[in-house]
Structure formats: C-alpha cells, structure tokens
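Okay, thanks for coming, everyone.

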Amino acid sequence: MIRIEHINKKFKKLVALDDINAQFDKGQVISLIGPNGSGKTTLIKSILGMVKADSGKIFFNDELINGDPSYRSQIGYMPQIGRYPDNMKVGQLFKMLKNIRNVSENKVDEELIEKFGLKQIFDKSMRTLSGGTRQKVSAALAFLFNPDVLILDEPTAGLDPLSSEILKEKILKEKSKNKLILITSHILSDLDELTTHIMYLQEGKQEFFKEIDQLREETGELKLGKAIARIMKGEKFNSEWIDGMFVVGKIKDEKNSSLPSE
Amino acid sequence: MKRIPRFLQNDKIKIMLKLSKYVLYDIVRSKVILAYTAFLFLVSFSLFNMEENSSKAILSLLNIILIVVPLISMIFTTIHYYNSYEFIELMLSQPMSRRKILLSEYGGVALSLLSSFLIGVGIPVLLYSPDSVGFSLLFTGICLTLVFTSLAFLTSVKARDKARGIGFALLLWFYFALIYDGLILLILFNFSDYPLEKATLVLSALNPIDLGRISIMLKMDVSALMGYTGALYKDFFGSGSGILFTVGIMLLWIIVPLWWALRVFKKKDL
C-alpha cells in the first residue's frame with residue numbers, strides 16, 4: 001500500500017532520515033519506534049507530503065506521491081501535537097472538515113466522538129481545550145472519514161487511562177477491518193497487543209524492520225519491550241534509551257526477571 | 001472548442017471558495033477589519049466635509065491612502081498568515097493541494113481588505129467626487145491593496161517566525177513608502193546634468209506606490225506644477241498606452257510576488 005524507496009532528508013546539518021526503505025501493506029499494524037529525534041515524525045510527515053524529502057520516492061497504492069493530494073483522502077492522520085484554529089468551536093471544526101471533504105453524513109465514523117463524549121463540548125472553542133481533550137479531538141478526526149490508512153503519532157500520550165483504552169479498542173477494531181495502521185509510541189506496552197511489525201529508527205537510520213513474531217522468536221521474549229531491549233543489548237545501539245524503557249517496563253510488570261545490566 | 005485550464009475546473013474552484021469562506025469568517029470575527037473600514041470611512045468623510053474643493057480633499061486622501069493602505073495590507077496579511085498557521089497545517093493533512101490552500105488564503109484576505117477599502121473610501125468618493133480622478137484613486141487603492149497583500153504573503157512564507165515576518169513586512173513598507181523616494185531624489189540630484197525623464201519613468205514602475213501616485217496626480221491640475229517632467233509624464237500616462245502600462249505593471253506587481261510565494265510554499269516543510 002505504501003512503498004518507501006531510499007528516502008533521505010536533512011534539516012540543515014541534521015540528518016533526519018537516512019536512506020529509508022520499506023513496504024507497508026493492508027492489515028499490518030506498524031510500530032515506528034526509536035529515541036526522540038530519530039526521525040519517526042519526519043517519516044510520517046514525508047508520507048503525508050508535509051515534509052518534502054531531499055531524495056527518494058514514496059508510493060501510495062503504486063502511485064508516486066508528488067503534487068496530487070487526492071491520496072490523502074484515504075489517510076487519517078493524528079498528529080503528535082494537534083494544533084487547530086483557536087477561535088473555532090469544536091463542533092465547527094468537525095462540520096468544516098465534513099463540508100470540505102464533501103462526505104455524506106451517513107458515511108462518517110463518529111464512534112470516537114460518541115465514546116469520548118465530544119458532543120458535550122461542541123460549543124467550546126478550541127482555545128479553551130486541555131491538551132488531553134485536544135488529543136481526543138485529533139483522534140476523532142483521524143478516524144472520522146473511515147480511511148484505509150491510519151497514521152497515529154503518539155496517540156496515547158496525554159490521554160487518561162480510560163480514554164487511552166477506548167482509543168486502543170478502536171485501533172484494534174480498525175485493524176480487524178484489514179486497514180494499514182502506522183503508530184509511533186514510546187509506551188511499548190501499549191503497542192504489545194496491537195502491532196504486527198516493528199520498525200526501529202535511530203538517528204534517521206532504519207536499524208531494523210521485522211515482524212513481531214519473528215522478533216519474539218529471535219529473542220525468546222514475549223513482551224515487546226524486553227524483546228527490543230534484548231536486540232539492542234546485543235548490538236549496543238542506544239543503551240540509555242533501552243534502560244529507560246526497561247524501567248518503565250519494570251514498573252508496569254511489577255517483576256524484574258532480567259535487567260540489561262545483568 | 002477551447003480547453004478549459006485545469007485550475008478553472010469547477011469542483012476545484014468550489015473547494016477553494018469553501019476554504020476562502022472559512023478564511024473570511026475567521027477574519028470578520030477578529031474585528032480588526034471592521035476597525036480598518038471604520039477608520040477609512042471616517043477619514044474620507046471628514047476630509048470631504050472639511051475641504052471646500054473636492055479635488056483638494058482627494059489630494060489629501062491620496063496622501064493618506066498611499067501610506068495607510070500598503071501598511072495595513074502588509075501588517076494585517078502577515079499577522080493573519082501566522083495566526084492561521086494551524087488552519088493551514090490542518091488543511092495539509094486533508095486531500096488539499098498547497099496551491100489551493102495558499103490561494104484560498106490569499107482570496108480571503110484580499111477580499112476582506114478590498115471590501116474594507118471599497119466601503120471605507122469607495123462610498124465617500126462616489127458620493128462627493130464621482131469623476132475620473134475619484135475613480136483612478138479607487139483603482140490605485142485597489143491595486144495597492146492587492147500588491148501589498150501579495151508581497152506580504154511572499155515575506156510570510158519566506159520568514160520562519162512571526163517576528164521576522166512582521167519585521168520584513170515593515171522593512172518592505174518603509175522601502176516602498178519612504179526610502180525609495182529618497183533614493184530617487186538622490187539619483188535625480190546627482191545626475192541632474194543628464195536627461196533623466198525616460199529613466200524616471202522606468203524608476204517609477206519599480207515602485208507601485210509611486211506609480212499609483214503619478215497616475216492620479218496627472219489626472220489633477222497639480223501636474224502643471226511639475227514642469228517639463230510633468231509634461232512628459234502627462235503625455236505618457238495620459239495616453240491609452242500609458243494607462244495600459246500602469247495596469248500591466250500593477251498586475252505584474254500582484255502576480256509575481258504571489259507566484260513566487262506559491263513556489264516557496266510548495267517546497268516548504270511544515
């Protein structure tokens with residue numbers, strides 16, 4: 001569905017993406033992981049055409065992305081930090097997007113609007129919303145037009161546990177409809193139950209792109225966090241990030257069978 | 001049958017109109033544009049009422065318009081661009097081309113500034129001085145609004161942050177409204193031994209404010225005071241080709257910066 005060939009991107013001297021190649025297909029849930037500043041968001045934005053890569057090609061359904069924006073009608077995008085026109089009301093925002101997309105009322109997917117209770121805040125202006133509520137609006141917008149591809153940039157960051165659970169359920173539901181879902185997250189336990197493939201980026205380089213089962217087999221670990229930690233330990237990528245990740249994993253699991261320092 | 005250009009196809013225009021509608025809605029809510037309209041209206045009305053002679057009033061109005069219209073157009077457009085950055089970002093994640101997004105923004109801003117000008121200055125002029133001088137004043141005002149909106153889009157797209165954007169806009173305004181005249185005077189003074197009439201004609205085209213000023217001045221009696229240069233100007237700008245020249249140069253001043261802004265915007269990382 002999405003094919004990426006030799007994508008390179010530099011911001012001044014900083015290498016954001018270094019020769020990325022990948023093929024994403026229907027029914028897959030791809031987790032993009034890596035430390036801060038490893039190029040995850042840049043990769044996502046290049047797929048969306050918001051960032052223009054210096055070289056390389058991106059294909060959507062075998063068609064090269066350049067200029068024609070119509071492919072974006074099949075993508076639902078939830079940004080890391082949702083920024084919306086300040087003096088617009090929540091209801092107006094949804095109405096405007098439906099109006100611009102010209103989609104009939106019965107074709108939109110308003111499940112998240114219902115479940116997040118966004119209808120009650122339709123007359124609040126976007127300026128007054130908290131970070132978490134904004135995140136809910138972003139999520140509801142991403143799913144609104146029933147897209148074939150969902151691109152979610154840190155979807156659960158800033159959401160309360162209940163909302164985060166609702167969102168995860170929704171993602172699982174869409175996964176079962178044979179959609180392609182791209183997720184970035186630092187909370188690996190969230191990804192555990194969703195993901196089918198892992199792409200690990202570091203300093204713009206694609207360190208690996210593997211199926212989760214293969215990863216589990218190779219490492220003998222069931223938990224995603226531990227599996228990745230094991231790989232990293234062997235190859236000594238960025239130990240600090242892995243250690244940090246492990247601490248999170250430890251607190252979550254309440255058991256510490258193996259620490260990387262052992 | 002003549003082929004319709006791609007950008008004029010019906011549904012594309014429809015989407016742009018829709019977007020422009022939201023831009024306009026956003027602008028009207030901010031009320032700055034209403035204040036601008038009221039300001040222009042008050043100034044024009046009081047000038048026409050204070051001066052006995054309507055052509056004197058037009059002359060005073062001209063001087064105010066040549067300073068205020070470019071300044072407000074640039075500052076308002078720049079601030080609007082940065083304030084609607086979120087809107088632009090949101091639209092970019094939708095199936096919407098960058099060209100369409102920027103052109104709808106331009107349409108919305110230009111339309112609101114133009115209606116302000118036409119209400120604030122147009123109505124008083126039509127009431128008190130509905131002659132050729134009045135109409136060329138309106139024409140100049142309309143052109144200057146569009147030109148400086150284009151220029152402001154160019155500077156905003158090029159500058160990364162709001163402070164720099166407004167700084168650039170102010171600098172450009174200073175240049176066109178004040179510095180440029182100083183430079184011309186300097187040239188005229190230093191090269192006064194040479195015949196410069198043709199050269200000044202070219203120089204005036206390089207500044208839309210000057211071009212507007214000259215084309216109106218020549219419609220008034222004051223051009224008699226400008227001596228030989230004035231006579232030459234009157235000869236040229238008064239003729240049919242002179243009017244075409246003015247319109248053409250103004251159009252270039254509108255289209256070229258906007259086209260350049262579109263080019264920059266297309267390649268920009270957002």
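So, the crossing of α2(B) and α3(B) is right-handed. This is a predicted model, by the way, so keep that in mind throughout. In chain B, helix α2 covers residues 32–50 and helix α3 covers residues 54–83, and their axes come within 9 Å and cross at roughly 165°. Anything over 145 degrees counts as roughly antiparallel, and therefore that is what we call α2(B) and α3(B) relative to each other.

Which residues meet there? From α2(B) you have Val32(B), Tyr36(B), Val43(B), Ser44(B), Leu47(B) and Phe48(B). Facing them from α3(B) are Ser54(B), Ala57(B), Ser60(B), Leu61(B), Ile64(B), Ile72(B) and Phe76(B). Sorted by class, this contact has 10 nonpolar residues, three polar and no charged ones.

Now the contact between the chains. Chain B puts in 20 residues and chain A puts in 17. On the chain B side, the elements giving two or more residues are α1 (10–30) and α4 (85–92). Which of them gives the most? That's α1(B), with six residues. By class, the side of chain B that touches chain A has nine nonpolar, four polar and seven charged residues.

Next, have a look at Ile101(B), which sits in helix α5 of chain B, residues 98–128. Is Ile101(B) buried or exposed? The cut-off for buried is 20 or more other C-beta atoms within 10 Å. Ile101(B) has 24 of them, so we call it buried. Leaving out residues up to four places away in sequence, Ile101(B) touches Leu19(B), Ile88(B), Met91(B), Leu92(B) and Met96(B).

In soluble globular proteins, nonpolar side chains tend to be buried together. Here, the largest nonpolar core has 125 residues, and the members touching the most other members are Ala140(A), Ile151(A) and Val147(B). The largest share of that core, 12 residues, comes from helix α6 of chain B, residues 132–158. And what does Val147(B) contact, once you set aside neighbours within four places in sequence? Pro208(B), Met250(B), Trp253(B) and Ile254(B).

That's my tour. Over to you.

Key
Residues numbered from 1 in each chain as written. Chains lettered and ligands numbered in written order. Predicted model: local features only at pLDDT ≥ 70, side-chain atom pairs only at ≥ 80, totals over all residues. Axes fitted to C-alpha atoms, helices over the stretch in contact; angles between N-to-C directions. Helix = DSSP H or I, 4+ residues; strand = E, 2+ residues; numbered from the N terminus. Parallel < 35°, antiparallel > 145°, perpendicular 65-115°, else oblique. Left-handed = near helix turned anticlockwise from the far one by under 90°. Contact = placed C-beta atoms within 7 Å. Nonpolar A, V, L, I, M, F, W, Y, C, P; charged D, E, K, R; others polar. Buried ≥ 20, exposed ≤ 12 C-beta atoms within 10 Å, placed from the backbone. Core = buried A, V, L, I, M, F, W, Y, C linked by C-beta atoms within 7 Å.
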